[in-house]
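I opened the model to look up strand pairing, cores and a few single residues. My entries follow in the order I checked them.

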Amino acid sequence: MPKDYYQVLGISKKASTDEIKKAYRKLAMQYHPDRNKGRQAEEKFKEISEAYAVLSEPKKRQQYDTFGASGFHQRFTQEDIFRGSDLSEIFKEFGFGSGEVFSRIFGGARGTGGYKTYYTGSGGGGFGFEDVFKGAAGAQRGFQQAPPAKGQDLLYELPLTLEEIMDGGPKVITYRRRDGSSERVSVKIPAGIEEGKKLRVSGKGESSSNGGPPGDLYIKIKVAPHMVFERSGQDLIVRQEIPFSLAVLGGSISIPTLSGKTVKLRVPAGTTSHTRLRLKGHGLPSMGSGFRGDQYVQVLISVPKKLKRDQKKLLQSLAEQGL
């Protein structure tokens with residue numbers, strides 16, 4: 001599983017650019033191969049350099065924050081990660097050479113995500129990653145040209161009702177690409193899926209402009225508002241008005257559930273307004289497990305605005321007795 005770049009650098013997700021640079025400088029000084037010998041230090045240095053290359057560049061960082069560690073590495077190769085990065089400037093502050101170090105650690109045929117990726121340095125001067133991937137220019141230096149770039153991914157927002165989320169199952173969607181073409185795909189909705197989760201349909205994104213593999217389609221789940229129920233994780237909440245007499249004396253009421261059934265709920269005597277009563281196991285299923293949430297009934301005591309004469313007399317009599 002890809003490592004969290006924020007954890008690698010030991011910073012929070014709200015870290016500023018200066019804080020990111022400071023954290024990288026400290027770790028790079030600690031693990032720089034000119035100071036440490038052995039494979040372990042080189043791997044650690046490679047790891048923190050990769051994290052810095054992404055988090056120090058606003059556009060890459062935005063993509064990383066949007067798709068997370070796993071999604072980001074599905075979209076970007078190591079070539080993409082280091083493209084446009086120039087780590088030599090920060091190494092000039094150390095007094096270390098950069099090109100030779102990176103050529104040794106990142107060079108050769110070591111790749112990421114199935115792609116062979118090549119890097120080179122330029123002596124003790126500027127470290128130009130871009131030059132390696134400029135086709136013939138890179139080939140003249142003895143490097144293999146990078147593979148064709150993957151097509152752009154697409155993001156589709158899919159609203160689902162609570163009933164659809166409870167049952168799960170196949171869902172057919174139609175989406176449009178930039179070239180104007182439309183496509184219909186069927187995607188399986190896991191029962192209990194939460195809002196904001198993304199489902200990936202491989203190869204259904206934009207076509208590559210230079211013969212590479214197509215991008216992917218990401219389907220982002222959005223929960224549609226419900227007239228009766230409110231979702232809280234895997235639990236459901238419904239509000240139910242009851243008369244004052246029932247709240248005082250107790251009794252049973254009929255409550256609707258998301259499955260369409262009606263169940264009886266016991267209201268204890270002396271129940272106060274806004275009390276939550278639980279219907280165990282009547283919530284939403286949890287993704288990938290047999291666990292099911294609960295349904296909570298929030299009791300609201302109904303106060304009539306108008307009373308009949310005899311009702312008013314009865315209440316006045318109760319008030320005289322301290323009720």
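In which sense do β12 and β13 pair, and over how many bridges? They pair in the antiparallel sense, over 4 bridges. Two strands pair if DSSP finds at least two bridges between them. Helices (H or I, at least four residues) and strands (E, at least two) are DSSP runs, numbered from the N terminus.

Before going on I noted the ground rules. This is a predicted model, with residues numbered from 1 along each chain as its sequence is written. Local features need pLDDT of at least 70, side-chain atom pairs count only at pLDDT 80 or more, totals for chains, interfaces and linings use all residues, and side-chain values use heavy atoms, with hydrogens and water left out.

Entry: L277 and L279 form the covered face of β12, R276 and R278 the uncovered one. In a regular strand the side chains alternate between the two faces of the sheet. Next I checked D294, in the loop between β12 (276-279) and β13 (295-302). D294 counts as buried because its relative accessibility is 11%. Buried means under 20% relative accessible area, exposed over 50%, partly exposed in between (1.4 Å probe, protein chains only). Leaving aside neighbours within four places in sequence, D294 has contacts that include Q234, D235, R278 and H282. Contact means heavy atoms within 4.5 Å.

**Entry: whole chain.** I counted 11 helices and 13 strands in the protein chain. Of its 323 residues, 39% are buried. Among contacts with a separation of 6 or more, 57% join residues 24 or more positions apart.

**Entry: cores.** A nonpolar core is a set of buried Ala, Val, Leu, Ile, Met, Phe, Trp, Tyr and Cys residues joined through side-chain atoms within 4.5 Å. The largest has 35 residues, and I189, L217, I219, I221 and I255 touch the most other members. Strand β7 (residues 217-223) gives the largest share, 4 residues. A second, separate core of 23 residues includes Y6, I11, F45 and A53. I then took I221: beyond four places in sequence, its contacts include L158, L160, I189, I193 and L199.

**Entry: the β3-β7-β6 sheet.** Three strands form an open sheet in that order, with mixed pairing. β3 and β6 (198-201) are at the edges with a single partner strand each, so one side of each has no neighbour in the sheet. The twist averages 25° from one strand to the next. β3 and β7 pair in the parallel sense over 7 bridges. L155 stands opposite Y218 in β7. I also found α4 lying across β6 and β7, at about 160° to β7.

**Entry: α3 and α4.** The axes of α3 (residues 39-55) and α4 (residues 58-75) come within 9 Å and cross at roughly 135°. Axes are lines fitted to C-alpha atoms, for helices over the stretch in contact, and angles run from 0 to 180 degrees between N-to-C directions. That makes α3 oblique to α4. Angles under 35 degrees count as roughly parallel, over 145 as roughly antiparallel, 65 to 115 as roughly perpendicular and the rest as oblique. Contact residues are E50, A53, V54 and L55 of α3 and K60, R61, Y64, F72 and H73 of α4.

**Entry: P147.** I found P147 in the loop between α8 (136-140) and β3 (154-160). At 28% relative accessibility, P147 is partly exposed. P147 and G211 are 64 residues apart in sequence and 9.3 Å apart in space, C-alpha to C-alpha.
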